[in-house]
Amino acid sequence: MLILVGTPLGNLADASQRMRETLACVDVIACEDTRTTAKLLQLLEVHSLRETGNRPRLIALHDHNETELAAEIAQLALEQDVALVSDAGMPGISDPGYPVVVACAEVGATVTSVPGPTAVATALAISGLPTDRFCFDGFVPRKAGERARLIAELDREPRTIVLYESPHRLATTLAEFAASWPNRRAAVCRELTKLHEEVRRGTLRELADWAAAGVRGEIVIVLAGAEAEVMSLDAGAARTLELAASGMRLKDAAAEVAAATGLSKRDLYQAALAQRDE
């Protein structure tokens, strides 16, 4: 089978006994960086749990080769247990792993996991922002045009948003976010679980000013969702009909207006039908 193994974000004490035992019993470990994983195995003293003196075979699996190697690793998983790890956190979450899971599903290889830390949930939980509904958008795009499209997409997103960002681009990203939503609340979580862990909370304008001097470490941005637009049911029904007139299905239009305003999708749909029949 293929076993997705979550590894510590930074604090070695977060490694579970099950994680250690799993890495000790497999013959193959597909890993983002063989040097990083070899060091982790050494620090966790995984060799002491192995029944044989043989070390596991390490296969480098990263962004540049995971599509090519996916089928090969899936075939290995049909015959033996293969662990898949990233440098930190859960593999497949903005880290290598997804193509391998797809390839295993296609050939009928069993896929399971040894859950571990993930920066998405950790940052969200300590951000001080709503956690009942959220979305994860991965890494902020590097190109200005793609970032502009992301900002447009998130402009009316009501859920809390979690994003990864490079420390080298954090100041630029926060400045662009602040230009669109200066007073929207956010949190920047830096070096999660590590010695210099830090969480900065404030408006995007405040955080952009702070980041302008430069920030180091692994970064997660947690961004408050857009506030629901205040709108009466009649006005919402009219907006729904406008969207439907542009080619959208009436139910889909009602759902979009409901997400933006907090109004009931069912009430909007019924009110739009009533207005259309007047």
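1. A residue counts as exposed when its relative accessible area is over 50%, and as buried when that area is under 20%. Ala-125 has a relative accessible area of 59%, so this residue is exposed. Ala-125 belongs to helix H5, which covers residues 119-126. The C-alpha atom of Ala-125 is 9.8 Å from that of Val-222, a residue 97 positions away along the chain.

2. The model under review is predicted. Its chain contains eleven helices and ten strands. Taken along the principal axes, the C-alpha atoms fill a box of roughly 80 × 50 × 30 Å. Of the 278 residues in the chain, 44% are buried. Among contacts with a separation of 6 or more, 73% are between residues 24 or more positions apart.

3. Glu-153 is another exposed position, because its relative accessibility is 59%. Glu-153 sits in helix H6, residues 144-154. Between the C-alpha atoms of Glu-153 and Leu-204 there are 17 Å, with 51 residues separating the two along the chain.

4. Leu-204 leads on to helix H8, which runs over residues 204-211. The buried residues of H8 are Leu-204, Leu-207, Ala-208, Trp-210 and Ala-211. They line one face of the helix, because their directions fall within an arc of 160 degrees when H8 is seen down its axis.

5. The loop between S8 and S9 deserves a look at its backbone. Most residues other than glycine have a negative phi. Glu-191 is not a glycine, yet its phi is positive, at about 55 degrees. Glu-191 is in the loop between S8 and S9. Is Glu-191 buried or exposed? With a relative accessible area of 16%, Glu-191 is buried. Thr-193 also has a positive phi, near 70 degrees, and is likewise a residue other than glycine. Thr-193 is found in the loop between S8 and S9.

6. Next come the helices towards the end of the numbering. Helix H9 (residues 233-245) packs with helix H10 (residues 250-261) at an angle of about 130 degrees, and their axes are 8 Å apart. H9 and H10 are therefore oblique to each other. The crossing of H9 past H10 is right-handed. On the H9 side, the contact involves Gly-236, Arg-239, Thr-240, Leu-241, Leu-243 and Ala-244. On the H10 side, Leu-250, Ala-253, Ala-254, Glu-256 and Val-257 take part. By class, the residues of this contact are seven nonpolar, two polar and two charged.

7. H10 also meets helix H11 (residues 265-277), with axes that come within 8 Å and cross at roughly 125 degrees. H10 is therefore oblique to H11. H10 passes H11 in a right-handed crossing. Which residues of H10 and H11 meet? From H10 they are Leu-250, Lys-251, Ala-254, Ala-255, Val-257 and Ala-258. From H11 they are Lys-265, Leu-268, Tyr-269, Ala-272, Leu-273 and Arg-276. The contact of H10 with H11 comprises nine nonpolar, no polar and three charged residues.

8. One further point concerns H10. Leu-250, Ala-254 and Val-257 are among the H10 residues in the contact with H9, and Leu-250, Ala-254 and Val-257 are also among those that meet H11.

Terms used:
Residues numbered from 1 in each chain as written. Predicted model: local features only at pLDDT ≥ 70, side-chain atom pairs only at ≥ 80, totals over all residues. Heavy atoms only, no water. Axes fitted to C-alpha atoms, helices over the stretch in contact; angles between N-to-C directions. Helix = DSSP H or I, 4+ residues; strand = E, 2+ residues; numbered from the N terminus. Parallel < 35°, antiparallel > 145°, perpendicular 65-115°, else oblique. Left-handed = near helix turned anticlockwise from the far one by under 90°. Contact = heavy atoms within 4.5 Å. Nonpolar A, V, L, I, M, F, W, Y, C, P; charged D, E, K, R; others polar. Buried < 20%, exposed > 50% of the residue type's maximum accessible area, 1.4 Å probe, protein only. Arc of directions from axis to C-beta.
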